[in-house]
Amino acid sequence: MRYPSYLTLYESGELERRVNKALEMLKECRVCPHNCKVNRLEDERGFCKVGRYVVVSDYFPHFGEEFPIRGYRGSGTIFFGYCNMRCVYCQNYDVSHLGKGRIMTPEDLADAMLELQEYGCHNINLVTPSHVVPQILEALLIAVEKGLRIPIVYNTSSYDSLETIKLLDGIVDIYLADLKYLNEYYGRKYSKVKKYPEVAKEVIREMYRQVGNLKVDERGIALKGLLIRHLVLPNDISTTKEVMEFLRSIDDKLAVNVMKQYFPYYKAWDYPELSRRITEEEYSRALEQAKGFNLVLD
């Protein structure tokens with residue numbers, strides 16, 4: 001059995017130092033690229049609407065992820081409430097936009113991680129974590145002290161602070177990173193954030209530097225590495241060609257999931273160009289543009 005990287009940092013005392021450094025970032029919040037500068041330690045709220053403690057919508061063994069993530073016993077998925085993006089087509093808008101869920105203290109969150117490990121899950125899968133990394137690390141330290149021993153999956157839309165991602169070096173074994181589009185205008189119009197392409201490219205390069213290509217065990221279950229998700233949107237709003245060209249500049253053998261399940265959820269109907277499913281032709285073209293990568297079609 002391969003032990004997760006964070007155990008080395010825990011044994012050296014570095015994990016505790018990272019926790020303290022991360023919590024300092026909450027005082028004038030710079031946890032994500034919005035840099036709201038509110039004091040979240042005093043429960044002030046910025047763009048993400050989360051104060052001192054996380055909101056968790058649900059947690060359970062998830063069997064809907066890519067096979068290397070879900071394996072045979074499920075991925076121990078924790079869905080965090082709210083988000084630092086406002087994608088108009090979000091399928092989980094009740095969680096990410098409306099904050100459905102309950103507040104959890106670090107002790108509560110640590111217990112949830114340990115419960116998922118008890119279920120036999122292959123990993124702890126942190127969904128939409130970009131705005132709550134300090135709180136997650138605070139809980140992780142408690143969980144490790146109580147016996148957590150499975151890898152961490154950082155499941156992100158890639159609108160992350162580079163400073164925050166660097167804090168995760170040696171803590172996260174598996175990055176599961178969306179790359180939505182490489183068009184500044186689309187990022188602003190459809191996700192309501194500034195500089196999405198610039199930010200996402202920078203942090204994905206850093207994720208790759210930390211963990212490299214996806215590595216799996218003899219059963220095909222992820223041990224470490226980067227897996228990129230790319231959701232194909234209608235009318236080439238996903239800029240798939242540009243996305244794949246960028247990914248090739250990192251490594252043409254990256255693990256990439258080109259996803260076809262787009263549906264016009266939430267406010268997508270307000271945008272005619274997003275108000276339909278993609279066609280088979282659009283998906284086939286996207287697959288052709290992704291040719292050569294280690295495709296994970298799952």
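## Basis of the report

Residues are sorted here into nonpolar (Ala, Val, Leu, Ile, Met, Phe, Trp, Tyr, Cys and Pro), charged (Asp, Glu, Lys and Arg) and polar (the others, Gly among them). The structure is a predicted model, in which local features need pLDDT of at least 70 and side-chain atom pairs count only at pLDDT 80 or more, while totals for chains, interfaces and linings use all residues. Numbering starts from 1 along each chain as its sequence is written, and side-chain values use heavy atoms, with hydrogens and water left out.

## Overall build

The protein contains 11 helices and 10 strands, where helices (H or I, at least four residues) and strands (E, at least two) are DSSP runs numbered from the N terminus. Its radius of gyration, taken over C-alpha atoms, is 18 Å, close to the 19 Å that the globule rule (2.2 Å times the number of residues to the power 0.38) gives for 298 residues, so the protein is as compact as a globular protein of that length. Along the principal axes, the C-alpha atoms fill a box of roughly 50 × 45 × 30 Å.

Of the 298 residues in the protein, 57% are buried, a word that stands for under 20% relative accessible area, with exposed meaning over 50% and partly exposed in between (1.4 Å probe, protein chains only).

## The largest pocket

A pocket, on a 1 Å grid over the protein atoms alone, is an open set of points with protein on both sides within 12 Å along at least five of seven lines, whereas a cavity is a set where a 1.4 Å probe fits but cannot get out, and lining residues have an atom within 4 Å of a point. The largest pocket has a volume of about 980 Å³. Its lining is made up of 38 residues, and those closest to its centre are Q91, N92, V127, D178 and R229. Volume here is the space filled by probe spheres set on the points, with grid points joined across faces, edges and corners.

Several elements supply at least two residues each to this lining, namely β1 (54–62), β2 (75–80), α4 (93–96), β5 (152–156), β8 (222–231) and β9 (255–259). Strand β1 gives the most, with 4 residues. Sorted by class, the lining of the largest pocket holds 17 nonpolar, 13 polar and 8 charged residues.

By class, the lining of the largest cavity divides into 6 nonpolar, 5 polar and 1 charged.

The second largest cavity contains about 60 Å³ of space, and its lining consists of L126, V133, I136, L137, L140, I152, Y154, L168, I171 and V172. Helix α6 (133–145) and strand β5 are the elements that give two or more residues to this lining, and the largest share, 4 residues, comes from α6. The lining of the second largest cavity has 10 nonpolar residues, with no polar and no charged ones.

G220 sits in the loop between β7 (215–216) and β8. Residues up to four places away in sequence aside, G220 touches F67 and P68, while its C-alpha atom is separated by 35 Å from that of I103, which is 117 residues apart along the chain.

A222 belongs to strand β8 and, at 6% relative accessibility, counts as buried. When its neighbours within four places in sequence are left aside, the contacts of A222 are P68, I69, I174, L214, K215 and V216. From A222 to A143, a separation of 79 residues along the chain, the C-alpha atoms are 21 Å apart.

## The loop between α8 and α9

K192 lies in the loop between α8 (184–191) and α9 (196–211), and K195 is placed in the loop between α8 and α9 too. Although K192 is not a glycine, it has a positive phi of about 60 degrees, and K195, likewise not a glycine, has a positive phi of about 60 degrees. Relative accessibility is 37% for K192, which counts as partly exposed, and K195 is partly exposed as well, with a relative accessible area of 46%.

Notes: Contact means heavy atoms within 4.5 Å.
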